[in-house]
Amino acid sequence: VADAGEPGGSFSMCAGDFLEVYNHPRERGAWQALVTCFFLDTAHDVFEYIETISKLLPTGGVWLNIGPLLWHFADQMQERSIELSWADVKAVILAYGFRILEERDVRCTYTTNSRGLMQQVYTAIFFHAVKL
């Protein structure tokens, strides 16, 4: 990742299916850092997301995450949904070759009007991991 003052860095944000876009041989080891925000629980199969993230990062690559584990497809009987606890998700992350340097619960909002009387607050998982 280039420093803010250096030219040559890349940034990618894409509308569409994460696995269809990034689970491609040309993306293997192509990213030095990955930030996932309110993302992991959007997976039908979180194993596939973590495996793909592992492929995207080279050794020493950084993964930052923040978000809850609400599992978007949990209540949809016609949809496949693998719903793990944070302890289980963490074990999968470690099994895919990451070391978690920092982790903590963070209280945060998502698409909330900070001046409104009603606000939904999530207990989200923040972690900083590095690919071994």
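This is a predicted model: local features need pLDDT of at least 70, side-chain atom pairs count only at pLDDT 80 or more; totals for chains, interfaces and linings use all residues.
Reader: Let's start with Ser54. Is Ser54 buried or exposed?

Author: Ser54 sits in helix H2, which covers residues 46-56. The cut-off for buried is under 20% relative accessible area. Ser54 has 9%, so Ser54 is buried.

Reader: And which residues does Ser54 touch, leaving out those up to four places away in sequence?

Author: Ser54 is one of the buried residues of H2, a list that also includes Tyr49 and Ile53. Those buried residues pack against several elements, among them helix H3 (86-95), strand S3 (98-109) and strand S4 (121-131). For Ser54 itself, the residues touched are Tyr96, Phe98 and Lys131.

Reader: Which element gives the most to the largest nonpolar core?

Author: That core has 26 residues, and Ile53, Trp63 and Phe127 are among those with the most contacts inside it. H1, H2, H3, S3 and S4 each supply at least two of its residues. The top contributor, with five residues, is H2.

Reader: How does the chain get from S1 to S2, and what is the handedness of that crossover?

Author: S1 and S2 run parallel and are joined by five bridges. Across that pairing, Leu34 stands opposite Trp63 in S2. The chain goes from S1 through H2 to S2, a β-α-β crossover that is right-handed.

Reader: Now charges. Which residue forms a salt bridge with Lys55?

Author: Side chains of opposite charge can pair when their charged atoms come close. The closest N and O atoms of the pair are 3.8 Å apart, and the partner is Glu51.

Reader: Then there's the salt bridge of Glu27 with Arg26. Which residue of the two counts as buried?

Author: The closest N and O atoms of this pair are 3.7 Å apart. Arg26 is at 56% relative accessibility, so Arg26 counts as exposed. At 12%, the one that counts as buried is Glu27.

Reader: Last one: how far apart are the closest N and O atoms of Arg104 and Glu102?

Author: The structure holds four salt bridges. Arg104 is partly exposed at 42% relative accessibility, and Glu102 is partly exposed at 34%. Their salt bridge has its closest N and O atoms apart by 2.2 Å.

Key
Residues are numbered from 1 along each chain as its sequence is written. Side-chain values use heavy atoms; hydrogens and water are left out. Helices (H or I, at least four residues) and strands (E, at least two) are DSSP runs, numbered from the N terminus. Buried means under 20% relative accessible area, exposed over 50%, partly exposed in between (1.4 Å probe, protein chains only). Contact means heavy atoms within 4.5 Å. A nonpolar core is a set of buried Ala, Val, Leu, Ile, Met, Phe, Trp, Tyr and Cys residues joined through side-chain atoms within 4.5 Å. Two strands pair if DSSP finds at least two bridges between them. A crossover is right-handed if, with the strands pointing away from the viewer, the path from the first strand over the helix to the second runs clockwise. A salt bridge is a side-chain nitrogen of Lys or Arg within 4 Å of a carboxyl oxygen of Asp or Glu.
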